[in-house]
Amino acid sequence: MHLSLHNNMAISVHQLGAEQAPLLVIDNFLQNPELLLDHASQQSFEYNSPFYPGPRALAPKEFQLLLMSTLQLHAPSIFALTGNKLSLALCHYSLVTTPAKQLKLLQRIPHFDSVEQNALASVFYLFKQDFGGTSFYRHKKTGFEYIDASRQLTYYKSLESENDGDNIPQEGYINGNTPLFERINEQKGIFNRLIVYRRNSLHSGSIPTDFNFSDDPQKGRLTISSFIDCL
């Protein structure tokens, strides 16, 4: 497999909500993304995370190198990183396979992956069907759109106080406004699109109600999810 960057890569930068956290969107990321679909079909996927709603498998080194070389060029200035050296902490093929009725409580609300301001996440979409993208949220009671170390306790206490009556998160994947959360941005899951955001932003996959929970990489909601640290 020989992956390469697309000749007509389209880069755009957005700001999320009132708190203006950066969001990097790159369309036409790879010249030949179909190679990753074939590669993923040959991998052994495992359920190795208590939070991610499906199995994962290690993404190829070639993709990791292209991802990091691109982010090293753009991310430090876009995300106002305090260090200049990026390090890849995780890079997995990921499939969403958990039916809505089987989700745990924390899987039914937006989440954050880290409280670190310098920690980034990326999602690379490898499906051509309308399987939803990624949404970003504001917690209504606190107004928080991201959770750092100074906000974490306040946020959790607020969630505990709201966990009753009509506020209890409904069954299924969150995909829009709820009594507790307001959607502030949605990025469509477009084939060969890469999005990058701070890991402390409140976010969730936008999974449609009529979603097909296939575990076949050629037919399912295949992405490559990555965590990037700044040293």
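**Strand β10.** I began with strand β10, residues 222-230, and found it mostly covered, with seven of its nine residues buried. Buried here means under 20% relative accessible area, exposed means over 50%, and partly exposed is in between (1.4 Å probe, protein chains only). Helices (H or I, at least four residues) and strands (E, at least two) are DSSP runs, numbered from the N terminus.

A note on the source: this is a predicted model, in which local features need pLDDT of at least 70 and side-chain atom pairs count only at pLDDT 80 or more, while totals for chains, interfaces and linings use all residues. Residues are numbered from 1 along each chain as its sequence is written, and side-chain values use heavy atoms, with hydrogens and water left out.

**Partners of β10.** Next I looked up which strands pair with β10; two strands pair if DSSP finds at least two bridges between them. Strand β4 (residues 86-95) pairs with β10 in the antiparallel sense over nine bridges. There, L86 has C230 of β10 as its bridge partner. Strand β5 (residues 120-125) also runs antiparallel to β10, joined by six bridges.

C91 is in no disulfide, and its nearest cysteine sulfur, that of C230, is 18 Å away. C91 counts as buried because its relative accessibility is 3%. C230 counts as buried too, at 14%.

**Helix α3.** Which residues of helix α3 (residues 152-162) are buried? I found Y155, S158, L159 and E162. They cover an arc of only 100° around the axis, so they sit on the same side of α3; the arc is that of the directions from the helix axis to the C-beta atoms. A handy reminder for me: an α-helix has 3.6 residues a turn, so residues three or four places apart point the same way. The face turned away from the buried side carries the exposed residues L153, K157 and E160. Among what covers the buried residues of α3 are β6 (134-139) and β7 (181-187).

**Lining residues.** Last, I checked which element gives the most to the lining of the largest pocket. That is β10, with four residues.

Key:
Contact = heavy atoms within 4.5 Å. Disulfide = S-S within 2.5 Å.
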